[in-house]
Amino acid sequence: MENSFNEQLRYQRAKKRVRSIRGFFIHLMVFILVNAFLLFLKWVKLDEGQSLFTFNNLSTVFFWGFGVLFHAIGVFGTKVFLGSDWEERKIKEMMEQEERKSKEWK
């Protein structure tokens, strides 16, 4: 009984995590599509040579971008960028590369 309860609890946590990841990627996709569309509108010219949409003020993109960044940190945490063991993994990776190169020279 306790085993099935733990299994259900793990399932619910995983489901919640997957939903938050999905929500982030939807947010990111909307950010990219809307801003790409706004950039496109900036280049569409009317007969008088004026742009259909003036996109001179980039503050919306800038602050929305911060929102997307903080959403990513909320979903993935701060370890998504370098991680706590990043240095150790990088050292091992470089040592392996060096070892492969030395074997190629032989």
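The points below start with the chain as a whole and then turn to its side chains.

1. The coordinates are those of a predicted model. The chain has 3 helices and 0 strands, and the order of elements from the N terminus is α-α-α.

2. Of the 106 residues in the chain, 9% are buried. The accessible surface is about 9500 Å², and carbon and sulfur atoms account for 63% of that surface. When contacts between residues at least 6 apart in sequence are considered, 54% join residues at least 24 apart.

3. Which residues make up the largest nonpolar core? The set is Phe24, Phe31, Val68, Ala72 and Val75, 5 residues in all. Helix 1 and helix 2 each supply at least two residues of this core, with the largest share, 3 residues, coming from helix 2. As background, nonpolar side chains in soluble globular proteins tend to be buried together.

4. Phe24 belongs to that core. Leaving aside residues up to four places away in sequence, Phe24 touches Val68, His71, Ala72, Val75 and Phe76. Among these contacts, Val68, Ala72 and Val75 are also listed as members of the core.

5. A search of the whole structure gives 7 aromatic pairs. One of them is Phe25 with Phe76, which is edge-to-face, at 6.1 Å centre to centre and with 65° between the planes. Phe25 is in helix 1 (residues 2-43) and Phe76 is in helix 2 (residues 59-76), so this pair ties together parts that lie 51 residues apart in sequence.

6. Phe66 and Phe70 form a stacked pair, with 6.2 Å between centres and 20° between planes. Both residues lie in helix 2, 4 residues apart, or about one turn of the helix. Phe66 is partly exposed at 34% relative accessibility, whereas Phe70 counts as exposed at 54%.

7. Phe66 and Phe70 are also part of one aromatic cluster, together with Phe62 and Phe63.

Notes: Residues are numbered from 1 along each chain as its sequence is written. This is a predicted model: local features need pLDDT of at least 70, side-chain atom pairs count only at pLDDT 80 or more; totals for chains, interfaces and linings use all residues. Side-chain values use heavy atoms; hydrogens and water are left out. Rings of Phe, Tyr and Trp (its six-membered ring) pair if their centres lie within 6.5 Å; planes under 30 degrees apart count as stacked, over 60 as edge-to-face and the rest as tilted. Buried means under 20% relative accessible area, exposed over 50%, partly exposed in between (1.4 Å probe, protein chains only). A nonpolar core is a set of buried Ala, Val, Leu, Ile, Met, Phe, Trp, Tyr and Cys residues joined through side-chain atoms within 4.5 Å. Contact means heavy atoms within 4.5 Å. Accessible areas come from the Shrake-Rupley method with a 1.4 Å probe; for residues, only the protein chains shown count as cover.
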